[in-house]
Amino acid sequence: MTISKFFLFSQWFFTIYFIALHMCYLALNAIAIVNIRKYMEQHSVNNLPNIYTGLETPISLLVPAFNEELSIIDSVQALLQLNYPDYEIIVINDGSTDNTLQVLIDHFDLKVFPEAEYSRLKTKQIKRIYVSKKYSNIRVIDKLNGGKADSLNAGINIARSPLFCAVDADSILQTNSLDRIVQPFIEDPTTIAAGGTVRIANGCEINKGFVTKANLPHNPLALMQVAEYLRAFLFGRLGWSPMNAILIISGAFGLFRKEAVIHVGGYKTDTIGEDMELIVRMHRIFKRDKKPYRITFVPDPICWTEAPEDLKTLKNQRIRWQRGLSESLMSNLGLMFNRNGGVVGWAAMPYMLFFELLGPLIELFGIITVALGFYFDYISPGIALLFFTIAFGFGMLLSVVAVLLEEMSFHIYSNPMYVVKLFFASIIENFGYRQLNSYWRMIAMYQVITKKKAKWGNMTRNASWQKGKESK
Amino acid sequence: MESFLGYNLDSELMLRIGVNLMLTVVVLTIAVFFFVIILRILLLYHNYRKEQFIALWRPTLTECIIGIPEKLPTLNQKYIHDFIGEWNSLYGILGGISHENLISVAIKLKIHVAAMMMLISNHPKIQLTGIITLGNMRVKQAWPMLESISKSEQVFLSIAAYRALVLIDREKALVDLLPQLIKRTDWPASMVAKILKDIDNIKVCELLAEACENATQDQLENLIQYINTLKCTCTTEVFRKILSKEKDDHIKSLCLKELNDPLAIDLVYKHIASQRWHVRMHAAVALGNIGSKKDAYILINLLDDEHWWVRYRAAQSLIRIPFMSIDDLLEIKDKHKKNEAKSIIDQVIAEKDFA
């Protein structure tokens with residue numbers, strides 16, 4: 001193949017790829033807009049006075065904790081204040097090497113409890129189970145280190161409620177989050193999993209473990225992530241949800257039917273993206289067994305989480321996510337283009353594979369190739385302009401539509417200047433930030449191909465953005 | 001570079017397309033920006049108007065806690081939706097005589113007329129607000145319209161209309177509309193239970209018990225849940241009948257769940273040997289409620305059941321049986337050969353200590 005033929009092929013391949021990508025985004029966007037309007041209208045019934053009847057399904061909150069001695073008390077205290085009539089909190093101390101267990105014992109007056117063994121999912125050895133003498137709905141599992149998935153499996157084993165909610169110890173739930181996220185389970189008994197929205201807590205005002213005022217972070221990296229999360233949750237999840245084709249429920253906040261998770265074998269402990277892998281596996285197994293099921297997304301219960309503010313931590317996080325995506329897709333590849341695969345097998349999985357998994361590789365390669373082709377005069381200015389408009393311009397347009405969607409629905413940020421700031425962040429993140437992400441995701445792909453051992457890396461969560469903000 | 005797959009690619013044409021596309025994207029982005037700004041301005045205006053309205057009306061409406069305000073400010077038509085929103089939220093917070101005072105104020109201001117108009121809106125949110133308002137105001141004239149909405153297929157609107165009808169005339173709603181409530185298996189059970197709890201009437205239990213006779217499987221499931229939620233005491237005979245005839249294990253579990261009827265003890269004995277673990281579990285719970293010390297051996301046999309929940313509930317029931325002491329339990333534990341039984345007894349004894 002001559003160089004000119006290579007560039008000729010490349011220019012069209014990449015242009016068509018980007019057109020297809022943005023057509024998918026556009027379609028998801030359109031579905032999300034219709035869906036969010038419908039949701040807002042339907043759920044204005046929440047105006048009815050909230051009287052609890054006793055028919056509400058009990059929920060077990062599972063909080064895996066590894067070296068969280070600084071934040072675990074505040075997290076559990078905040079969880080104790082949630083508005084829901086029947087829930088228990090199970091903290092799983094995953095072999096912490098700091099004083100996580102001791103601070104829990106001291107603060108909640110924990111006593112060793114002879115819980116009878118009920119191991120339906122295999123986990124690392126449980127050393128002890130504690131029960132709080134202060135709060136009857138708090139239990140703590142002390143176990144050998146086995147990772148987050150293993151901790152969640154241990155929590156599922158001793159959970160007493162038919163629904164469980166996986167919550168990160170460093171995340172903040174809104175007081176009405178459980179009330180809202182449980183709705184799909186009430187409205188449709190075939191619901192087996194529901195995810196809520198995750199937002200960036202950096203910059204927000206926190207009072208007694210709750211976000212009292214949503215602000216935007218000053219840190220530019222965190223600000224880009226706010227725009228990115230908006231796009232991912234408001235139209236990524238909302239777009240797939242009506243088609244029952246959601247492939248990700250964030251590990252930071254999701255509600256699951258316990259028996260359904262046990263039916264599929266619980267969380268997989270040898271994968272780095274256990275949250276996504278579980279959802280894809282649930283789709284695969286429920287489809288295989290021809291069991292009716294629903295996996296859905298509820299936009300208004302919000303979970304606030306801390307975003308990385310430095311490049312190293314962000315890089316680790318993104319590499320981990322990409323590897324998780326790769327493992328989830330590869331270990332459930334049988335679902336893709338399966339006769340019974342439905343929208344998940346025929347649309348969501350191919351989308352994830354071609355646009356999310358292979359996307360970074362194609363995007364970066366495309367940008368470099370077209371730029372080089374243009375520079376060496378193999379690609380005409382018209383084609384180059386067309387390509388870059390599609391590659392960057394459409395991305396920018398879609399990002400700002402996410403801001404519009406937010407403005408049409410929840411108006412989380414009350415300060416008008418924040419909306420303007422967010423709007424511009426949505427534009428700027430397309431130039432540099434997204435490409436950097438693509439680069440990190442390519443590194444992740446390289447690691448997958450070379451079978452480099454996955455590691456969590458150090459997630460720097462010092463909540464520095466929070467210092468001085470905590471209201472008294 | 002001149003052709004691709006036989007198509008002639010005029011570079012200038014491509015450039016033109018590229019420029020136009022870029023301009024379109026830029027224009028659309030700017031349009032979205034202005035749209036966002038307009039939405040925010042509207043929101044700010046709405047909030048400003050609401051603040052003004054609240055400053056004027058909240059003190060007046062708050063007076064309703066102690067009586068009917070003598071002088072009412074003029075209600076500007078542009079504030080009517082704000083007023084209805086504020087009135088409904090205050091109605092939800094307050095209770096007793098305040099409700100009567102709030103209704104008097106709303107009638108003076110002819111809010112029911114506006115609320116009736118809201119029912120014919122195409123916007124479900126406005127319709128819903130109208131329904132809630134008419135129910136809270138107990139507007140009898142709205143009955144036919146609300147009844148028709150309560151029969152519609154839209155789940156949220158129909159259930160809200162049903163609740164409004166109950167508020168307007170609970171006796172009539174009970175007699176005329178209970179069959180409909182039973183048939184609506186699409187209504188979330190917890191919402192229906194809320195409405196039934198609001199009615200708080202012995203007659204509800206009687207009607208629900210009657211309805212069990214001819215109910216379909218889905219309806220029966222919901223009916224038993226409602227009966228359990230309302231803690232009806234007049235349904236024991238119906239439950240006995242269901243337990244002796246019913247074949248569906250889920251329905252049987254629901255009947256056993258809150259069973260507190262000593263006359264049903266033979267039925268409990270029968271179900272404690274069920275093949276299904278959840279039937280055994282609920283039978284064990286029922287035995288804890290109505291059994292005596294002579295029934296302990298049945299529960300002891302369940303302590304090494306293959307299912308954890310059956311073992312756990314059996315152990316809990318053992319503790320609840322009259323005249324069963326901790327020493328008795330420790331003796332049972334010592335005599336039992338299975339570790340599962342020993343550990344579950346340890347657990348329930350510890351739970352009792354903690355309690």
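Mentor: We begin with a definition: a salt bridge is a side-chain nitrogen of Lys or Arg within 4 Å of a carboxyl oxygen of Asp or Glu. Side chains of opposite charge can pair when their charged atoms come close. The side chains of A:Asp150 and A:Lys143 form such a bridge, with 2.6 Å from N to O. Please note that this model is predicted: local features need pLDDT of at least 70, side-chain atom pairs count only at pLDDT 80 or more, and totals for chains, interfaces and linings use all residues. Residues are numbered from 1 along each chain as its sequence is written, chains are lettered from A in the order in which they are written, and side-chain values use heavy atoms, with hydrogens and water left out.

Trainee: How many salt bridges are there over all chains?

Mentor: The count comes to 33.

Trainee: Are A:Asp150 and A:Lys143 buried or exposed?

Mentor: Buried means under 20% relative accessible area, exposed over 50%, and partly exposed in between, using a 1.4 Å probe and protein chains only. Both A:Asp150 and A:Lys143 are buried.

Trainee: Where in chain B do B:Lys252 and B:Asp249 lie?

Mentor: Helices (H or I, at least four residues) and strands (E, at least two) are DSSP runs, numbered from the N terminus. B:Lys252 and B:Asp249 both belong to helix α13 (residues 249-257) of chain B, 3 residues apart, or about one turn of the helix. Their side chains meet in a salt bridge of 3.8 Å, N to O. B:Lys252 counts as buried because its relative accessible area is 12%.

Trainee: Which residue forms a salt bridge with B:Asp304?

Mentor: The partner is B:Lys338, with the closest N and O atoms 3.5 Å apart. This pair links distant parts of the chain, 34 residues apart: B:Asp304 is in the loop between α16 (296-302) and α17 (308-320) of chain B, and B:Lys338 in the loop between α18 (326-335) and α19 (339-354) of chain B. B:Asp304 is partly exposed because its relative accessibility is 28%.
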